[in-house]
Amino acid sequence: MSVFAIADLHLALGIDKPMDVFGGRWSNYMEKLKNNWLETVRESDTVIIPGDISWATYIENAYEDFKYIDVLPGKKIISKGNHDYWWTTGSKLNKYLMENKFETISFMHNNAFVAENFAICGTRGWKCPGEDDFKKDDEKIYLREIERLELSIKASIGLEYSERLVFMHYPPVTAKSRTSGFMEVMKKHGITRCFYGHLHGEGIKGAVEGEYEGVVLKLISADYLNFVPMMVNSQQAVDRTLMSGYIDS
């Protein structure tokens, strides 16, 4: 039994939304992802998917995308991304899963899970102060997402685990933001590994990977992983992350 992670599936089975604007890797990406998933993940495994799941605007239009995910092997823990416009309240999301008999999917929203020996925590995140596009209106969302990360980590108190992992959609820090409240929360709670998505194409150049302020960061957007879910509970995965480099101070 293993834990995998991959963000930014950007499924579009119910809507015409081409992704090749982000590069050739996105050509035929849904079939590529399915084939790689089937070769990598077993029914006893867990896959964390931190955000940008479906291009659907409303949850009712996301049925085919959720069906695509549900029939793939493993349990899936999904959190929100900036393009998940279908996201609604936790009660409505869970009702949707129950009504459609999607039994392999759970939502992470101010809560925490246990998979293998890991406590799975996280939140969507947001743009951080210092980035070029961070505006005054972003401050409220940024602070709220920091609170949500705190709530998720605190929800893991009392659970049995050997390590707490954080999964975010937005990067907790970038080349321009340098640090953030997300990093401070993780350091306060002793989080040593964080996985995130959101960055594609040219945006990948701004990714911070490797050990940074005591937390090992790893980009797991689907195109960056070439649509292969990455195992997070192997020493090889940890070594690859540590070797991938980070921004100079």
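These legends go with an overview and several close-ups of a predicted model.

**View 1. The whole protein, start to finish.** Here you've got 249 residues, built up as 6 helices and 11 strands. The C-alpha trace spans about 45 × 45 × 35 Å along its principal axes. A compact globule with 249 residues would come out with a radius of gyration near 18 Å, and the protein has 17 Å, so the two agree. Buried residues account for 53% of the chain. Of the contacts that join residues at least 6 apart in sequence, 74% link residues at least 24 apart.

**View 2. An open sheet of 6 strands.** Follow the strands across and you'll read β5-β6-β7-β8-β10-β9, with mixed pairing. Which strands stand at the edges? They're β5 (113–115) and β9 (210–212); each has a single partner strand, so one side of each has no neighbour in the sheet. Going from one strand to the next, the twist averages 35°.

**View 3. Zooming in on β6 and β7.** Strand β6 (residues 118–123) runs parallel to β7, and 6 bridges join the two. To find your place, look for T123, which sits opposite M168 of β7. Helix α4 (residues 138–155) packs on the sheet here and touches both β6 and β7. The direction of α4 makes about 165° with that of β6.

View 4. α5 lies across β7, β8 (193–196), β9 and β10 (215–219). How does α5 run relative to β10? The angle between them is about 130°.

**View 5. H10, a loop residue with a positive phi.** H10 isn't a glycine, yet its phi is positive, at about 50°. You'll find H10 in the loop between β1 (3–5) and α1 (29–40). Is H10 buried or exposed? Its relative accessibility is 2%, and buried means under 20%, so H10 counts as buried.

**View 6. R178, another loop residue with a positive phi.** R178 is also a residue other than glycine, and its phi is near 70°. This one belongs to the loop that runs between β7 (163–168) and α5 (181–188). With 30% relative accessibility, R178 counts as partly exposed, whereas H10 is buried.

Notes:
Residues numbered from 1 in each chain as written. Predicted model: local features only at pLDDT ≥ 70, side-chain atom pairs only at ≥ 80, totals over all residues. Heavy atoms only, no water. Helix = DSSP H or I, 4+ residues; strand = E, 2+ residues; numbered from the N terminus. Buried < 20%, exposed > 50% of the residue type's maximum accessible area, 1.4 Å probe, protein only. Pairing = 2+ DSSP bridges. Axes fitted to C-alpha atoms, helices over the stretch in contact; angles between N-to-C directions. Contact = heavy atoms within 4.5 Å. Rg over C-alpha atoms; globule rule 2.2 N^0.38 Å.
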